[in-house]
Amino acid sequence: MKELNWNGEKMPDFSFTEEQELFRKTLRDFCEKKLAPKAKEIDEKREIPNDIIKGMANLGLLAMTVSPDYGGAGAGFTMAAIAAEELARADNSVATAVLFLVESAWGYIFDRYGTKKAKEEILPKVTSGKAFLGIGSTEPDAGSDIAALKMTAKKERNVYILNGEKAYISGIKEVQRYGGGYVTVTKTAPELGHKGMTLFYVPFDTQGISPTAILDNMGRMGISTGGFHAQNARIPEHYVIGEVNRGFYHAMEGFNCARVLVAAACVGAAQRALELGIDYIKQRKAFGRPIGKFEGIQFQLADDYAKLECARLLIYKSAWMLDEFQTKGRFTHHDLNKAIASAKLYAGTTAFDIYKDVMLWHGAIGYTKDYPLERGLRGVMSYIVGAEGAQNIMRLILARELLGDEFIPYK
């Protein structure tokens, strides 16, 4: 964010840089020509086509926050948020945005904390679209309470032996289709609780790793959800990501990165809904005039637009703060947690409410699968239910930061 002088005072400049504007324009052109026409197909056929993956790789979108040393764009999270917004605007099921944001957030963590050997082996495949990179944190009995996970990793000489199960994670079909693996959260010192957790890169073709059933989600059908078992899976020591027993803190950093991009995807999907709604209420007539002339709809439109702009400002403020924190050391973890939790909390419910309103404006056609509104409603709902942190977890984070740990009932 730049500063401008106005009447002798320093004023913030909320405009994007020329580079960011050019990037958005280039990406929107790709999205309008290539991605948007296939959005319905992605939802119905339950996969993102290879040509879309290749196109994203050619634009430098896949794990774009990864260093150019490994084929990434070295992008900051403001640029990544622009990408998440544009991808979700074009594919409002948010499936393509999920693929993008998972790899960008956790690719960043892998790049920041992984060993040179592991990064050289894995990240160029991810950035070129030849491998999938996901996050394996959730378990059947541990979701929002990540410290309660049970997967263990015990060291034997120069390998770690993994045992346990992950569930409700994205990309199980994709990792089998393209190859790759997961940034996986484990316990290496269970007796230490959250202070005994470690991150690993777990290749999916490791002996002892087996997929569990693919879940039939209600939305974002273009990317799969499922899980995997680890039974005495041997993971080489160089696949440790970050410090042993510091995995909880590395994971929290990754979740903050991902939450910014989740929120941006919500805004992109909601933007598409509002655009469809505005076009419709200008043309659809009832009682002899366009329904956009009725104050009941005008007032909803005004409220929805204002809420969407509030969400967008929260998101890009959070992305900017994250970039400043990572590059210049500005702000504290407390500052970041408050900003990012606010953005994630507000963006999901705002997007859902906008879809609900626009569907009501459309009446019967809005309830059909011939029109893209129901696809967007199903997609953004996943970001409210969970996806990098449920809404009530965002509220708990905000309460903790505002009141202090002693006011959190589970401490």
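1. Let's start with α10 and helix α12 (residues 391-403): their axes come within 9 Å and cross at roughly 150 degrees. That makes α10 roughly antiparallel to α12, since angles under 35 degrees count as roughly parallel, over 145 as roughly antiparallel, 65 to 115 as roughly perpendicular and the rest as oblique. An axis here is a line fitted to C-alpha atoms, for helices over the stretch in contact, and angles run from 0 to 180 degrees between N-to-C directions. Helices (H or I, at least four residues) and strands (E, at least two) are DSSP runs, numbered from the N terminus.

2. Before you go on, keep in mind that this is a predicted model, where local features need pLDDT of at least 70 and side-chain atom pairs count only at pLDDT 80 or more, while totals for chains, interfaces and linings use all residues. Residues are numbered from 1 along each chain as its sequence is written, and side-chain values use heavy atoms, with hydrogens and water left out.

3. Back to that pair: the crossing of α10 and α12 is left-handed (the near helix is turned anticlockwise from the far one by less than a right angle; clockwise would be right-handed). On the α10 side, the contact (heavy atoms within 4.5 Å) includes His334, Asn337, Lys338 and Ala341, and on the α12 side it includes Gln391, Met394, Arg395 and Ile397. Sorted by class, this contact of α10 with α12 has six nonpolar, five polar and five charged residues. For the classes, Ala, Val, Leu, Ile, Met, Phe, Trp, Tyr, Cys and Pro count as nonpolar, Asp, Glu, Lys and Arg as charged, and the others, Gly among them, as polar.

4. Helix α10 (residues 333-362) also packs on helix α11 (residues 373-385), at an angle of about 160 degrees and with the axes 9 Å apart. These two are therefore roughly antiparallel to each other, and the crossing of α10 and α11 is left-handed. Among the residues making the contact are Phe352, Tyr355 and Met359 of α10, along with Leu377, Val380 and Ile384 of α11. The contact of α10 with α11 holds 11 nonpolar, four polar and three charged residues.

5. What is the angle between α5 and helix α6 (residues 116-127)? They pack at about 160 degrees, with their axes 11 Å apart, and α5 and α6 are therefore roughly antiparallel. Their crossing is left-handed. From α5 come Glu103, Phe110 and Asp111, and from α6 come Ala118, Lys119, Ile122, Leu123 and Val126. This contact of α5 with α6 has five nonpolar, no polar and three charged residues.

6. On a 1 Å grid over the protein atoms alone, a cavity is a set of points where a 1.4 Å probe fits but cannot get out, and a pocket is an open set with protein on both sides within 12 Å along at least five of seven lines; lining residues have an atom within 4 Å of a point. Grid points are joined across faces, edges and corners, and a volume is the space filled by probe spheres set on the points.

7. The second largest pocket holds about 760 Å³ of space. It is lined by 31 residues, with Gln20, Thr78, Tyr316, Trp320 and Asp323 nearest its centre. Which helix gives the largest share of that lining? It's α9, with 10 residues. The lining of this pocket splits into 13 nonpolar, nine polar and nine charged residues.

8. There is one cavity of 30 Å³ or more, and the largest cavity has a volume of about 100 Å³. Of its 13 lining residues, Ile53, Leu99, Glu103, Phe132 and Tyr178 lie nearest the centre. Helix α7 gives the most to this lining, three residues.
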